[in-house]
Amino acid sequence: EIEADPLGAFGGISAFLPPTSTSPHFPLLSELVTGGKIHSWQRIPSQSSDNLFISFPNEYVNFQELSRTLSTLAVLEFQGWVACDIPSSLSSSDQSFSLSCPGLHTIEFISAQDQHNSIHEFYHADVYREGIPILINGSNLPNFLLSRVRGRGSLSFSCSIRPVSESCRSNSLCSPLFDLGYTEPKLLPDIVFNHSSL
């Protein structure tokens with residue numbers, strides 16, 4: 001559904017993590033899924049070059065039948081969540097990693113402190129596919145990566161975490177890497193916090 005997030009009534013996406021588990025909140029009601037209920041997470045197999053592709057119709061959603069019945073293509077619009085577990089072996093490493101997610105707008109990092117408390121941080125991804133990754137220290141890797149996705153009929157994106165060597169970090173010829181945190185924006189709107197940016 002393209003409206004508000006239906007998971008908000010259950011405490012948001014955090015109540016459905018980790019994605020490998022079965023949340024007690026399942027099944028969820030859905031206007032799009034055949035049978036009207038979502039029973040679990042669906043694993044998305046990666047294609048070549050870490051590319052992930054979500055396409056309908058599939059065994060769960062029959063967009064052809066929906067568009068025929070409702071006589072509109074607006075039903076092809078959808079939203080959802082994609083989630084990824086980060087292996088604990090990476091989180092305990094002193095190695096630095098580059099995170100690259102072309103096609104995604106925003107990435108949410110969730111670091112679980114205990115069963116009831118977690119830290120949520122939001123970062124810009126690479127929705128325009130400029131190929132600029134984010135540099136992350138292994139000790140700062142989150143437990144989960146999340147992103148809300150929206151599409152019309154299909155959606156394509158990729159996300160990868162790769163080790164970064166010390167020689168590459170100090171080499172100006174390497175692809176530019178940004179530390180997590182504030183980075184200077186390339187473009188600003190005319191008004192920012194009630195002040196002109198011109």
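A residue is termed buried under 20% relative accessible area, exposed over 50% and partly exposed in between (1.4 Å probe, protein chains only). The structure is a predicted model, in which local features need pLDDT of at least 70 and side-chain atom pairs count only at pLDDT 80 or more, while totals for chains, interfaces and linings use all residues. Residues are numbered from 1 along each chain as its sequence is written, and side-chain values use heavy atoms, with hydrogens and water left out.

The protein chain has a mean pLDDT (the predictor's confidence in each residue, from 0 to 100) of 77, and 74% of its residues reach 70 or more. Across residues 170–183 the pLDDT is below 50, and this stretch has 19 contacts (heavy atoms within 4.5 Å) in the model beyond near neighbours in sequence.

Three aromatic pairs are present in the structure; rings of Phe, Tyr and Trp (its six-membered ring) pair if their centres lie within 6.5 Å, and planes under 30 degrees apart count as stacked, over 60 as edge-to-face and the rest as tilted. Phe16 and Phe26 form an edge-to-face pair, because their ring centres are 5.4 Å apart and their planes stand at 70°. Phe26 is buried, with a relative accessible area of 15%, and Phe16 is also buried, at 1%. Phe109 and Tyr123 form a tilted pair, with 5.0 Å from centre to centre and 50° between the planes. Of these two residues, Phe109 is buried at 1% relative accessible area, and Tyr123 is buried at 14%. Phe10, Phe16 and Phe26 form one aromatic cluster.
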